[in-house]
There are 2 protein chains.
Amino acid sequence: MHHVEQAIEYVHSRKQALIDSWLELVRVPSVSAQPEHAGDMAAAAQWLEQRLGRSGFDCRICDSGGHPAVFAGRCNLDGALTVLVYGHYDVQPPGDQRLWDSPPFKPAVRDGAVFGRGAADDKGQLLTAVAAVEAWQAVSGELPVNVKFLLEGEEEIGSPHLPSLVESHQNELACDVVLICDTAAFKPGVPAITYGTKGLVYKEVTLTGPAKDLHSGSFGGTVANPANVLAEVIASLKDADGRVTIPGFYDDVQPLGEAERASLAALRFDEVAYLAQLGSPALAGEPGCSTLERRWTRPTLDVNGLSAGYQGQGASTIIPARASAKISMRLVPRQDPEAVSASFNRVVRQVCGDRVRAQITEHGLCRPYMAPLDSPWMGAARRALAAGFGREPVLIREGGTLPILPVFKEVLGADCLLLGYCRPDCNAHGPNEFFHIEDFLAGAVTGVRLLAELAGLYGPTVRG
Amino acid sequence: MHHVEQAIEYVHSRKQALIDSWLELVRVPSVSAQPEHAGDMAAAAQWLEQRLGRSGFDCRICDSGGHPAVFAGRCNLDGALTVLVYGHYDVQPPGDQRLWDSPPFKPAVRDGAVFGRGAADDKGQLLTAVAAVEAWQAVSGELPVNVKFLLEGEEEIGSPHLPSLVESHQNELACDVVLICDTAAFKPGVPAITYGTKGLVYKEVTLTGPAKDLHSGSFGGTVANPANVLAEVIASLKDADGRVTIPGFYDDVQPLGEAERASLAALRFDEVAYLAQLGSPALAGEPGCSTLERRWTRPTLDVNGLSAGYQGQGASTIIPARASAKISMRLVPRQDPEAVSASFNRVVRQVCGDRVRAQITEHGLCRPYMAPLDSPWMGAARRALAAGFGREPVLIREGGTLPILPVFKEVLGADCLLLGYCRPDCNAHGPNEFFHIEDFLAGAVTGVRLLAELAGLYGPTVRG
């Protein structure tokens with residue numbers, strides 16, 4: 001325990017140096033989506049390689065086939081468990097620079113926060129884990145557990161090379177648990193553990209009828225209109241209550257347990273404030289579920305885009321030759337994306353019949369992820385967050401999809417701990433992204449404590 | 001009868017002069033949609049004013065508020081009935097000139113036809129009526145009936161000023177029947193009388209939900225998706241058989257009479273060739289009606305355009321803030337556009353409920369038109385066409401909408417005779433528009449004969 005407290009003290013004593021290096025990394029415009037930043041991608045990867053090398057990690061930069069990934073490991077503790085820290089050093093494009101109060105890649109400190117692109121997502125948050133291992137190294141010359149880092153440069157463009165990278169390096173990346181600091185806190189000062197993310201099936205349906213747009217007067221009523229049929233297809237996918245009607249869709253969905261329902265209710269989610277934030281005229285969705293339950297624990301189906309015929313000003317009287325829709329489904333644990341995808345295709349073709357030609361393209365297929373709530377890792381994470389932030393964390397799910405989580409589970413056999421420190425309104429993909437220094441330090445302390453918890457320095461070892 | 005045959009002979013004897021003047025008018029690029037052609041619009045109107053003036057008509061160019069209209073009248077026969085010839089001297093834009101085999105405004109004679117923009121629609125067809133009055137004037141110094149001309153310059157842009165022009169000049173335009181040569185023959189060599197056109201209700205429905213596009217993962221399942229609701233709205237407008245479900249929609253639709261059903265069946269419409277022409281995989285529509293019945297005699301509802309969310313390549317996982325559809329309905333006789341419009345709005349608002357905000361814009365509202373089949377004018381027209389083309393005309397309807405027909409009926413109390421001479425594939429709005437000289441001359445002869453028929457020179461006078 002002595003070393004833990006020393007390490008925590010070390011983090012606080014190094015506050016200015018930690019901020020300085022955080023600003024240094026944010027200054028590198030490592031925008032993965034823009035080819036002109038290739039040199040900056042390499043620079044950010046090298047910066048991390050050198051930084052971790054100074055703490056005794058074996059580091060290398062690994063060619064992923066796209067932007068490089070940084071691999072680092074310090075695994076000299078026989079019999080100790082191994083934590084893999086996953087993060088990403090690439091950032092979103094800054095967008096319109098005029099909307100920033102300070103330049104996105106000239107980070108500024110004000111109001112107790114660092115402002116800049118990547119300040120939180122994910123440079124700031126991943127550096128909390130780096131700060132934690134540095135602190136252990138400084139005060140005891142070793143780490144409580146074996147630690148590996150996998151820091152990629154393509155998260156903001158959908159991690160196209162990461163699954164194959166993990167598969168081809170599964171021995172090098174072998175671990176007991178994965179630590180990811182790339183989600184947000186629940187609200188200011190209330191850190192969160194995200195234990196579930198949704199899966200995804202993304203489809204594009206294109207219906208074609210006549211060879212070219214037809215005059216709706218001269219030819220109306222004699223052949224099917226692809227845009228009308230498309231509306232029929234979409235409407236057939238849900239019933240009047242908003243439940244998805246694709247056969248088998250809910251077969252593998254588990255009803256929400258009493259404990260989890262109570263846990264979500266305890267979050268006292270403010271539906272009025274939420275609705276005001278979104279700006280819709282009403283909340284809506286499956287009956288019998290609270291808004292938060294629908295958002296996090298129920299599968300959904302949404303049209304993401306529609307396109308057909310004349311979209312300009314005023315009127316054009318045509319039967320469009322084609323109509324298309326982008327439709328995505330978010331899946332919850334136990335749902336099988338492959339089965340949902342096949343059933344979706346069958347429904348679409350059945351509704352279309354022989355009236356129009358249907359082409360169905362798949363733009364995404366991803367499993368949901370759910371971390372066990374009763375694992376020793378979860379207990380360790382709760383205690384570490386409570387120590388770092390001075391209050392109990394909340395356990396939440398996320399409606400979005402993190403494709404890498406099921407990959408870690410399936411390829412490495414490891415569950416993920418998603419610890420969120422930055423505020424949910426931190427402008428992660430917008431102008432004026434920020435991360436409070438206080439939360440950054442609490443995150444670093446959480447990291448210090450988590451390594452100790454995982455090593456069994458408090459209570460029974462998690463190895464059971 | 002002597003004068004009728006002289007007038008017909010006169011038409012044939014003047015063939016080359018008629019073609020020359022036809023080419024002269026086609027050379028004037030009177031494109032109503034393009035402001036740079038304002039001078040050409042005036043030139044075409046003046047050309048027609050002078051031409052009719054030479055046949056003893058009182059002519060004037062009338063400011064419509066937009067492009068000018070040509071008014072002409074020769075009404076010196078007390079007790080004789082009055083025919084109003086309606087036509088238009090404006091033309092569609094030529095489009096891509098590279099698709100034309102000869103320049104659109106340098107008309108060429110080949111394969112027995114005149115090729116050029118407006119060769120048929122409507123310069124060529126309106127000139128058949130001019131040739132007919134000229135022939136009567138030349139051989140007898142007078143016309144068999146009183147004749148007026150109303151030649152407008154805005155038909156191709158929707159005749160925005162014509163209804164008010166007719167209303168404000170109803171005494172000047174007073175007539176017993178309106179002759180319009182602006183439709184097509186049924187097929188080559190088979191002239192047609194079009195006795196019915198459909199009405200129109202054109203709507204744009206815009207649904208808005210969240211204030212801006214939302215992440216479909218983070219927020220899906222909690223508020224209504226405007227694009228999903230739009231699909232529901234559209235799908236709710238028709239049943240599984242393709243019948244429109246808007247309350248009251250069919251209340252005023254008359255069942256097809258046995259005589260008309262037999263008349264349509266006698267046309268021996270080639271459904272296989274029609275389907276091949278359109279390129280759709282199948283014919284479709286209300287059960288219990290033939291394809292031609294659906295096309296001409298049944299009301300329809302078609303989506304003309306759809307727009308929502310992400311329409312680019314690949315995937316974007318958003319709940320769109322807005323979704324919109326352009327939806328038009330074609331109405332058949334007795335249906336009331338105002339009532340249909342109001343019922344449509346009620347259905348849309350009912351399906352939307354309070355989940356989304358609905359804005360409904362109207363882009364068009366027009367009554368259907370149906371000429372009585374047993375009128376004396378109809379008999380006169382049938383006989384005239386039979387004489388002009390050497391075979392019985394067929395009686396057809398049109399699925400499209402001619403807004404001016406109900407205006408003539410309601411304001412002037414006059415029915416319309418729609419006589420079509422040019423071929424249905426004459427490329428009226430496309431490249432290489434043409435009109436066969438043989439059909440042009442047959443049309444002029446039809447006009448000569450029609451004036452005689454209307455004057456009662458054959459059989460009992462149509463005045464009864």
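Author: Chain A has 14 helices and 18 strands. Helices (H or I, at least four residues) and strands (E, at least two) are DSSP runs, numbered from the N terminus. This is a predicted model, where local features need pLDDT of at least 70, side-chain atom pairs count only at pLDDT 80 or more, and totals for chains, interfaces and linings use all residues. Residues are numbered from 1 along each chain as its sequence is written, while chains are lettered from A and ligands numbered from 1 in the order in which they are written.

Reader: What makes strand 11 and strand 13 of chain B a pair?

Author: Two strands pair if DSSP finds at least two bridges between them. Strand 11 (residues 300-309) and strand 13 (residues 322-331) of chain B are joined by 8 bridges, so they pair. They run antiparallel. Asp302(B) stands opposite Ser328(B) in strand 13 of chain B.

Reader: Which strands are the edge strands of the open sheet of 8 strands?

Author: The sheet order is 14(A)-9(A)-13(A)-11(A)-11(B)-13(B)-9(B)-14(B). Strand 14 (357-366) of chain A and strand 14 (357-366) of chain B are the edges, as each pairs on one side only. Neighbouring strands of this sheet are turned by 20° against each other on average, direction ignored. Axes here are lines fitted to C-alpha atoms, for helices over the stretch in contact, and angles run from 0 to 180 degrees between N-to-C directions.
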